[in-house]
Amino acid sequence: MNLENTKAQMRKGVLEFCILSLLANKEAYASELIQTLKESKLLVVEGTIYPLLTRLKNDGLLSYRWEESTGGPPRKYYFVTPLGEKFLEELRKTWNDLAEAVNFATSSS
Amino acid sequence: MKKTLTANISGMVFYLDEDAYNKLGAYLSTLRRHFSKEEGSDEIVSGIEGRIAEMFDQKVSGQKEVISIGDVDEIIRQLGEPAQISQEEPGERKPSEPEYAGQTVNKRLYRDPDDRYIGGVCGGMGAFFNIDPTWIRVAFLLALFMSFGLLLYIILWIVIPMARTTAEKLEMRGEAPNLSNIERSIREEMEGVKGPASTLEGEETEKVYRKRVKSNANEFFSVLFKIIAIIVGLVILLVGLVLLVGFLFSLFGGPVNITLDNRSFLFNIPSALETYFISPRMVVFATVALLLSLGIPFLVLIYIGAMMAFQFKSSWRYLGPITFILWLTGLILLFFVMISGVRHYRAQKPFSVSPQSGFIKYAWNHKGIETTTDDQNPENIYLLSASRPEIAG
């Protein structure tokens with residue numbers, strides 16, 4: 001159980017970064033994000049994404065517009081705000097630095 | 001065949017089996033509670049509901065119109081239970097379970113400001129001894145009548161400090177006053193206050209506090225009245241019982257020996273009635289009539305007493321009307337019996353006077369046949385008259 005916990009901790013750290021990055025690439029519905037994140041194994045349970053999206057939106061990094069969909073209620077279409085873009089840049093730098101550091105620290109040579 | 005319930009999920013209509021409906025409802029409630037502390041909790045839950053609607057939509061087709069509990073289970077598995085969500089969610093500093101809960105560390109006796117009618121003495125003692133403060137209040141009320149109660153309460157009020165800070169309140173309940181407990185305690189307080197109207201904290205706590213003190217006072221009086229009702233109810237119950245038993249005895253009990261002017265008689269109501277007022281066959285009716293018209297009120301008394309003492313309300317809606325009709329029947333019967341008695345009384349004529357005892361025997365005019373009570377068997381004589389009448393003529 002401890003291993004699962006640690007893995008979850010690692011994923012937690014990058015989840016917001018990944019969401020912002022995905023949305024910066026392409027605007028999407030929550031369900032589409034879920035699809036991608038599940039494929040990349042970053043998400044175990046779908047419910048996690050909803051509080052995250054709301055938090056990012058409340059912090060001003062994301063926004064959404066309502067899109068009508070055929071045969072269903074209108075859905076939220078999320079996109080990144082300019083503030084979110086700046087935030088994302090910072091996170092990208094941090095991630096790259098982190099990756100270097102970790103690779104360095106864990107290299108067997 | 002199963003029962004189906006209709007649900008509106010994010011604006012779309014779905015049919016669910018009853019157990020699926022209940023499980024989904026419970027899941028959504030749990031989610032709502034879990035996110036209640038977050039900003040935009042409504043938004044989060046409605047987003048999840050939207051996802052549920054999408055998933056339901058995929059499950060439903062021409063062949064399968066109803067969501068089953070298996071579907072709901074699968075959806076909950078995909079979306080995740082609140083515990084799983086908080087595991088994955090970054091930014092959740094709060095541990096799922098406070099580590100130091102349950103440890104009774106140095107329980108201290110305080111007065112409880114959140115549970116007070118007068119001074120919070122009983123509330124504090126209740127928290128310290130882990131008893132419902134109501135019992136302590138009852139004890140104090142009884143002690144009040146023994147005059148030392150008031151003094152005792154005042155002394156305790158002065159001596160025991162009021163728990164003002166959250167740390168003190170925790171100590172009062174015996175929980176360790178560490179950071180995570182304090183945080184949890186504050187959150188619980190805010191949630192309790194947030195319930196009725198969640199606006200600005202400062203002014204709201206004052207209004208809600210006043211409302212809470214007033215409702216505490218109402219509770220106090222209602223408890224008091226309940227106790228009074230129980231005592232009065234018991235008294236009424238006893239009175240009703242005594243009356244009923246006495247009444248039944250007088251109707252059906254064995255003849256009672258009554259001494260009057262050196263003569264002793266055997267007396268019971270039906271026989272007295274029979275001898276003096278009505279024909280024998282009417283005795284049955286008379287007994288029934290008396291039973292109904294007098295017995296029922298006594299029964300009603302007993303029932304009301306029991307209702308007050310044991311705190312229950314009749315579940316049978318027709319009990320009242322039926323009782324009333326029976327009683328009315330008794331009265332009507334009584335009425336007829338009396339009319340018949342008057343007629344018969346007029347039909348009597350003195351038959352003979354027994355020389356030894358001075359009793360008057362009457363003849364009954366039953367359908368033209370004259371009958372008398374038997375002179376040979378004195379036991380059959382149930383007269384109560386002690387006068388020696390003159391016979392006219």
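Predicted model: local features only at pLDDT ≥ 70, side-chain atom pairs only at ≥ 80, totals over all residues.
Colleague: What makes the meeting of Glu54(B) and Arg75(A) a salt bridge?

Modeller: The cut-off is 4 Å between a side-chain nitrogen of Lys or Arg and a carboxyl oxygen of Asp or Glu. The N to O distance between the side chains of Glu54(B) and Arg75(A) is 3.1 Å, so the pair qualifies under the 4 Å rule. Between chain B and chain A the count is 4 salt bridges.

Colleague: How many residues of each chain are in contact, and what area do the chains bury?

Modeller: On the chain B side 26 residues are in contact with 28 residues of chain A. The two chains bury about 2100 Å² between them, 51% of it on carbon and sulfur atoms. In chain B, the residues that lose the most area to chain A are Glu43(B), Glu88(B) and Pro90(B), together 34% of what that side buries.

Colleague: Why is Phe56(B) called buried?

Modeller: Buried means under 20% relative accessible area. Phe56(B) has 0%, so the term applies. This residue is in helix α2 of chain B. Leaving aside residues up to four places away in sequence, Phe56(B) touches Ile9(B), Phe14(B), Leu16(B), Leu24(B), Ile67(B), Val72(B) and Ile75(B). Ile9(B) is 47 residues from Phe56(B) along the chain, and their C-alpha atoms are separated by 9.3 Å. In chain B, buried residues make up 32% of the 393 residues.

Colleague: How do you know that the span of helix α1 of chain A agrees with what its residues should give?

Modeller: At 1.5 Å a residue, the 24 residues of α1(A), residues 2–25, should span 34 Å. The end C-alpha atoms are 34 Å apart, so the two values agree.

Colleague: Where is the kink in α1(A) centred?

Modeller: The kink, of about 40 degrees, is centred on Val14(A). Val14(A) is also one of the buried residues of α1(A), among them Leu15(A), Phe17(A) and Cys18(A).

Methods
Residues numbered from 1 in each chain as written. Chains lettered and ligands numbered in written order. Heavy atoms only, no water. Helix = DSSP H or I, 4+ residues; strand = E, 2+ residues; numbered from the N terminus. Expected span 1.5 Å × (residues − 1). Bend = angle between axes of the 7 residues up to and from the residue. Buried < 20%, exposed > 50% of the residue type's maximum accessible area, 1.4 Å probe, protein only. Contact = heavy atoms within 4.5 Å. Buried area = accessible area lost by both parts, 1.4 Å probe.
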